[in-house]
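Please open the model in a viewer and keep the selection tool at hand.

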Amino acid sequence: MKVAFASTDKIHIDEHFGKAEEFYIWNIGPDDAEFSGVIQVTEDGDAADRIEARGAALEQCALVYVGEIGGPAAARLVQKKIHPLKSKTKEPIAEVVVKLQEVLKGNPPPWLRKAMLKGAS
């Protein structure tokens, strides 16, 4: 599944969703994970336009990890079947990738099993 990470330094999950200009995209499965590119988002329009632009840019992603995200933005992502996750400790992206793979190898929670189906059809 495709997972997006909002980062200011390409290493840690530390950027606010609404301020992120770049999202680092990884393809993550239980047995392998690879960096697949960067999605850049422009800063045009008001807050609603910025949220919509980010949601549209991330439409192929099942999960997006962010440092912070507002309630309305999180709701818009969920409507697009993109699950937002906040990193409260500015975790390194590489560590989160490994943790996510461990969960995928085991018995993922229902919300994550549903997210894994995105793009599988």
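**First stop: helix α3 and its partners**

Select α3 together with the elements around it: the buried residues of α3 pack against β1 (2-6), β2 (22-28), β3 (33-40), β4 (63-66) and α4 (110-116). Contact here means heavy atoms within 4.5 Å, and buried means under 20% relative accessible area, with exposed over 50% and partly exposed in between (1.4 Å probe, protein chains only). Helices (H or I, at least four residues) and strands (E, at least two) are DSSP runs, numbered from the N terminus.

This is a predicted model, in which local features need pLDDT of at least 70 and side-chain atom pairs count only at pLDDT 80 or more, while totals for chains, interfaces and linings use all residues. Residues are numbered from 1 along each chain as its sequence is written, and side-chain values use heavy atoms, with hydrogens and water left out.

Now select residues 93-105 alone. Helix α3 has 13 residues and reaches 19 Å from its first C-alpha to its last, close to the 18 Å expected at 1.5 Å a residue; the expected span is 1.5 Å times one less than the number of residues. Colour Ile93, Val96, Val97, Leu100, Gln101 and Leu104, which are the buried residues of α3. Turn the view to look down the axis of α3: these buried residues fall within an arc of 140 degrees, so they line one face of the helix. The arc is that of the directions from the helix axis to the C-beta atoms. An α-helix has 3.6 residues a turn, so residues three or four places apart point the same way. On the face of α3 turned away from the buried side, select the exposed residues Ala94, Glu102 and Lys105.

**Second stop: the sheet**

In which order do the strands of the open sheet lie? The five strands follow the order β3-β2-β1-β4-β5, with mixed pairing; two strands pair if DSSP finds at least two bridges between them. The edge strands are β3 and β5 (83-86), each of which pairs on one side only. From one strand to the next, the twist averages 25 degrees. Bring α3 back into view: it packs on the sheet, touching β1, β2, β3 and β4, and its direction makes about 35 degrees with that of β2. For such angles, axes are lines fitted to C-alpha atoms, for helices over the stretch in contact, and the angles run from 0 to 180 degrees between N-to-C directions.

Select β2 next. This strand is mostly covered, with five of its seven residues buried. β1 and β2 run antiparallel and are joined by five bridges; within β2, tryptophan 26 is the bridge partner of valine 3. β2 and β3 also run antiparallel, joined by seven bridges, and alanine 33 in β3 is the bridge partner of isoleucine 28. Follow the chain from β2 to β3 through a hairpin of four residues.

Select phenylalanine 5 and tyrosine 65, a stacked pair at 5.2 Å centre to centre with 15 degrees between the planes. This pair links distant parts of the chain, with phenylalanine 5 in strand β1 and tyrosine 65 in strand β4, 60 residues apart. Both phenylalanine 5 and tyrosine 65 are buried.

Then select tryptophan 26 and phenylalanine 35, an edge-to-face pair at 6.1 Å centre to centre with 70 degrees between the planes. Phenylalanine 35 is partly exposed, with a relative accessible area of 45%.

Select residues 71-79. In helix α2, Ala73, Ala74 and Leu77 are buried. Seen down the axis of α2, its buried residues fall within an arc of 100 degrees, so they line one face of the helix. They pack against α1 (47-57), β4 and β5. The face of α2 turned away from its buried side carries the exposed residues Gly71, Pro72 and Gln79. Just after α2, select lysine 81, which takes a positive phi of about 65 degrees.

Proline 109 is found in the loop between α3 and α4 and is partly exposed, with a relative accessible area of 30%. Leucine 117 lies in the segment after α4 and is exposed, with a relative accessible area of 60%. To finish, show the C-alpha atoms of leucine 117 and glutamine 60: they are separated by 12 Å and lie 57 residues apart along the chain.

Conventions
Rings of Phe, Tyr and Trp (its six-membered ring) pair if their centres lie within 6.5 Å; planes under 30 degrees apart count as stacked, over 60 as edge-to-face and the rest as tilted.
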